[in-house]
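The stops below are given in the order in which to select them.

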Amino acid sequence: MNKPFGEDDKAHLLLVEDDCGVYRFLLPALSAHGYRVTHARTLFQAREAKSCDMVILDLGLPDGQGEAFITHLRHYSDIPILILSARQDEEGKVHCLQLGADDYLMKPFGLQELLARIQAALRRAAKMHMRDHQYQVADVLINRVTGVISKSGKPVHCTPIEHALLMQLASQPGRIFTHAQLLAAVWGNEYIQDTHYLRIHIGRLRAKIEDQPAMPRIVLTELGLGYLLA
Ligand code: CA
């Protein structure tokens with residue numbers, strides 16, 4: 001259910017709610033505030049729903065408890081989950097949060113408060129998403145999804161090998177990749193002895209992204225072992 005979304009896109013909410021008094025009020029209200037909403041009345045329908053950006057979840061549903069859907073969703077998705085429930089007990093709230101819900105709003109609730117919490121949750125999720133996909137070191141920005149590399153805001157043009165090397169290092173910044181691991185990942189297993197290839201291409205890569213290629217601050221050497229991204 002993970003899906004990138006920009007500020008301009010309509011965020012897509014999944015409302016899991018069987019109480020018609022609540023959904024008859026919420027569906028038009030959320031649409032009026034610019035959200036695309038899919039409605040599920042049961043756990044079964046919630047599991048069948050297509051990808052969305054956030055879930056608003058009632059706990060007491062005709063075919064089971066909302067907690068089961070939190071667990072189900074958290075197996076494969078980290079989208080925000082906001083619980084909407086009339087249940088008062090603190091233990092139950094804590095349990096939902098421990099299962100992976102992000103927030104809990106008691107019924108009855110005010111529309112403005114719900115909207116504010118939805119916005120906050122989506123903002124947090126968007127920030128997390130950017131943090132996951134972009135890696136910045138000094139003035140170099142590497143987007144791990146698009147593969148775009150820039151330095152001081154200007155695109156850096158790499159050869160396919162330089163690009164593959166940098167993406168490999170950027171997959172886990174701070175981790176030392178051995179010469180053999182990099183050679184195997186970029187050139188193939190039959191090249192793992194050819195460390196001079198690696199030296200040459202790392203040198204060219206540094207010339208493009210480092211301020212002082214002889215004193216690298218981005219692509220670091222671990223002597224005798226390999227390379228890592230700062
Ligand atoms: Ca209910």
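Start at Gly60, which is partly exposed, with a relative accessible area of 35%. The coordinates come from a predicted model.

Which residues coordinate the calcium ion? The donors are Asp18 and Asp58, each through OD, and Gly60 through O, at 2.1 to 2.4 Å. Along the sequence these donor residues follow the spacing D-x39-D-x1-G.

Now select Asp58. Is Asp58 buried or exposed? Asp58 has a relative accessible area of 7%, so it counts as buried, the cut-off being under 20%. Gly60, at 35%, is partly exposed.

Next, go to strand 1, which covers residues 12-16. His12 belongs to this strand. His12 is buried, with a relative accessible area of 5%.

Show the side chains of His12 and Thr38: a polar contact of 2.6 Å joins them. Then display what else surrounds His12. With neighbours within four places in sequence left aside, His12 is in contact with Arg36, Val37 and Thr38, and also with Ser51, Cys52, Asp53 and Met54.

Finally, zoom out and colour the protein chain by domain. Domain 1 takes in residues 12-130, and domain 2 takes in residues 134-229. How far apart do the C-alpha centres of domain 1 and domain 2 lie? The separation between these two centres is 42 Å.

Notes. Residues are numbered from 1 along each chain as its sequence is written. This is a predicted model: local features need pLDDT of at least 70, side-chain atom pairs count only at pLDDT 80 or more; totals for chains, interfaces and linings use all residues. Side-chain values use heavy atoms; hydrogens and water are left out. Helices (H or I, at least four residues) and strands (E, at least two) are DSSP runs, numbered from the N terminus. Buried means under 20% relative accessible area, exposed over 50%, partly exposed in between (1.4 Å probe, protein chains only). A polar contact is a pair of N or O atoms within 3.5 Å; within protein, one must be able to donate a hydrogen and the other to accept it, and residues adjacent in sequence count only if both atoms are side-chain atoms. Contact means heavy atoms within 4.5 Å. Donors are N, O and S atoms within 2.8 Å of the metal (3.2 Å for Na, K and Ca); water is not among the atoms, so sites may look incomplete. Domain bounds come from an automatic or database domain assignment.
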